[in-house]
Structure formats: C-alpha cells, structure tokens
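Good morning, and thank you for joining this group meeting. Please look at the structure on the screen while I describe several of its residues in turn.

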Amino acid sequence: MASEASALEELHSELTCPVCLELFREPVILECGHHFCRHCITRCWRAKPDERPTCPQCRKTCTPTLRPNSLLRNVVDSHEEKLKLFCEDDQVAICLVCGMSRDHRTHSVIPINEAFENYREKLSSALQRVALQTEEASCCQTQTNQKMMEIKEQAGELEEQISCEFRQMREFLEREEEETKGRLRRVKEERLRLLDETLTHTALQISALEITAQQLQDKLREEDNPAQLRGIKNFISSIETLFQRPPEVSTDLQPGAFVGPLQYRVWRKMGSALKPGTGPEPAPSLLPRPLTLDPDTAYPRLTVSPCRRSVRVGEIQPNLPDNPERFTRYNIVLGSQGFCSGTHYWEVEVGEKTAWGLGVARESVNRKEEISLCPEDGFWTLVLRNGDEYEACTSTENLLALPRKPLRIGVYLDYRRGRVAFYDAGDMSHLFTFSDTFHERLYPYFNPWPIINARNAEPLTIITPQP
C-alpha cells in the first residue's frame, strides 16, 4: 500500500509543472528534456528579455522553439477526467492520483458517489429550510404590506377627523366673528343715524336763526322813528328763536362689549357649544364631562364624597351590601355614566398622589375575583406606582417615560373608533393610546390605590367643568 501511494505521488509529481506547481496546461518539452506549461515557460523567458532562453530547472541554454508533448497532455487530460474522489477538506473533486498525493493525503477523502449522496441529502435539507424561510419571508412581506395599508388607512381617517374638527372650530369662529362684527355694525349705524338726524335738525335751526338775524338787521337799519317802537316788544319776542340743542349722541362704542377678553369669552362659548364628535352619533361638549362616581360599585375601603366626584381610601365600611356591582378585591370604583357610542372626555385631579389608576372598564368585568388590569380582562388603564413609575396596562410590560409628573389626567374615549387616550391635562400632551374594538358599555374607571407607608392618602377628584 505504501509503495502504491509512493507511485501515485511520483506520478502526480511527473504531471505537475515545476513553475506553477499545478497540473500541466498545454505541456511543452525543451531540448534538455524538461517539461513546462507553455504559458509558464513563455512568461519566464519574457521576464528576462536580454538573456538567452534557459531551462528554469537545469539552467541549460535552449532554443526558444517549443515542442508540444501530446503524450503528456493526453495523460494529464485523462488524469483530470477521472475524478472519482471528493476531498471534504478542500471541497473539490479529485482523481485517484490526487487523492494519494501529499496535497490530500491527510485530508478526509471519500468516493465521489458517496459525496453526491451526502450532499444531495444536505442540499435537500437546506432546500427545505430555504423553502420554510421563503414562506416566512413571504408571510412577513404580506404582513408588512398589510401594516403599511393599515397605517395609510388610519392616517387617512385621522387626517379626515382632524380636518373635520378644525373645520368645525373655524366655522364656529367665523360665525362668532361675523356675529360680533354685526353687533358692532348695528351699533355704529344707529349712532351714525342719530348723528345724521342731529346734523339735519341743526341745519334747519341754523337757517331759521339766519332769517331771524336778517330781520333784526333790517330793523336796525331803519331810521329812528317813534312809530318804530310801536309793538317792538312783541316783534322781538316773535322773531327771537333760541337754538334747541338735540340729544347728545355718545361716540363711545363701549369696546368692552365687542373686544375686552374676546378670546376668553369666545373660548368659553366654544366650550359650551362646540361639538367635536362627527357623524350621526351624539357628541359631548368640548369641556370635560361632569361625571359622577357610583358608590354601589366602590370597594368597601373606598369613601365616595357626598357630591360623588371624589374618592379616597379609608377604613372598611361595615354593613355594606355585597351587591353584584361592587368590587370586593381591589380599590376600584366606576363612574355612574356608561358609554356605548360617541366621544367623551373627562379630567381627574391626581395631585401629589404616589399611586393611582384611571381609564375605562367593560360593564361585564369580574368584580369579585383576581383580575389583571389589561384589555384581555376588560380594562384599558394607565397607572402610577411608587411615585414615578407610569405604565399602560397591556399584556406585556409597557412603562412610560414622562417628562414631568402630571397633576391632572385627561381621559378620552372614542367608542366607535375603539380608542382610549390619556393626556397630561396641564398642557394636553399625549401620554398613551389604546386601540381596540368595543362591543359593550364602558364605564370610567378610578383606582386611588392603597395607602402605603402613610403616603398616597390624597383623593382622586373628577374636575367639574365651568362652562
């Protein structure tokens, strides 16, 4: 076996060009008997154009005439054609001679047919994996296209809603502007009419006074004659016309009736009159809704104020009925008003509380057992914990980084569009929005959270609007 390997190695050496150390390509023979690739020997001689051609192996001078070695070429071609082995290390097909050479002697070499079988299986497995990945990529592509469409559709709906609500505000402001200008115009026209009458009346009196003055001048120009004095007193009394001053017309248009705190007055009027909702469904006032709390839903430790707009944590109240509406595991109370259509907005004073929860809850939520404050259980809520940890309660942790601590929280419900949004009511900056689909009545949700280490005793208070 060793002698066979040695023979194969020697054969491989005989078939290798001493210049490029590769199997011969177009082998030629020199006069000295050494063989080279035609390209290799030509390149060697071209590198030394000033010297006579020599053999790179024995250094003997030779003529530049190159004679092809057809026999050696046939051996090489035959050697390359019979690739019966596969080198797994170099990942190339080789012949039997190459398989025994020093280049592949220490490598993992297997029969070419076995390599075909092995790699056919691997290629099949790889093809299956690629097919699965292609399917996954196609699914991802479809989902991405769907998301793009959803974003475009949602943005289009939002743009339409924004345009509609701003159009309503512009129309309201334009009506208010025209109404205010109209009142000013009517006052102006009435004052100008009175002044015009004053001018007419004054002109008539001036004409009468000018006639009287002419009569008096004529009388004075008459010569002194005792007869002139006859009835002079009655004459003077008859022609003496005193100017009757017309009623005074003020130039003060009372600017306070038209301008003054104009923007504030219009804002107050807008707040009590403008309807931000669109479509046939009922729409609330722009001002926060005057909500009240439902004591029948309150956890026994919660105390609802007599006006039903404030709730705080206290001692357990005895003798409370365990009615179906009441929460018995958590510090929760719901609003008295439920919503199954329209858009609604309310504000809650949270002050310096270190923990609280606000939002909306389905009418059918479980009120007696352990629950999570997530949409899956019928709650869409925003909570504060430990004084500075704000979280939108979803199935996964969703902490919010707020730039400041809100003292008042605004809650906005758009039932038809399935949105519950939260705002810092101090500057109306957006905090978080839930997007879902609602199928039953929703109630405002309030959770003043327990008192911990003598902290968080402050109440949650619904802000009463001032129209």
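Predicted model: local features only at pLDDT ≥ 70, side-chain atom pairs only at ≥ 80, totals over all residues.

Let me start with leucine 158, which lies in helix α5, residues 112-221. Is leucine 158 buried, partly exposed or exposed? Its relative accessible area is 31%, so it is partly exposed, given that buried means under 20% and exposed over 50%. Leu158 also belongs to a nonpolar patch on the surface, together with Ile162 and Phe166. The accessible area of these residues together is about 270 Å².

I turn now to helix α2, which comprises residues 38-47. Which residues of this helix are buried? They are Cys40, Ile41 and Trp45. Viewed down the axis of α2, these buried residues fall within an arc of 130°, and therefore they line one face of the helix. On the other side of α2, His39, Arg46 and Ala47 are exposed.

Leucine 30 counts as buried because its relative accessibility is 1%. What does leucine 30 touch, leaving aside residues up to four places away in sequence? Its contacts include Ile41 and Trp45, both of which I named among the buried residues of α2.

Finally, please consider leucine 30 and asparagine 69, which are 39 residues apart along the chain. Their C-alpha atoms are separated by 9.8 Å.

Definitions and conventions. Residues numbered from 1 in each chain as written. Heavy atoms only, no water. Buried < 20%, exposed > 50% of the residue type's maximum accessible area, 1.4 Å probe, protein only. Helix = DSSP H or I, 4+ residues; strand = E, 2+ residues; numbered from the N terminus. Arc of directions from axis to C-beta. Contact = heavy atoms within 4.5 Å. Patch = residues over 30% accessible without salt bridge, like charges linked within 9 Å, V, L, I, M, F, W, Y side chains within 5 Å. Areas by Shrake-Rupley, 256 points an atom, 1.4 Å probe, with all protein chains shown as cover. Salt bridge = Lys/Arg side-chain N within 4 Å of Asp/Glu carboxyl O.
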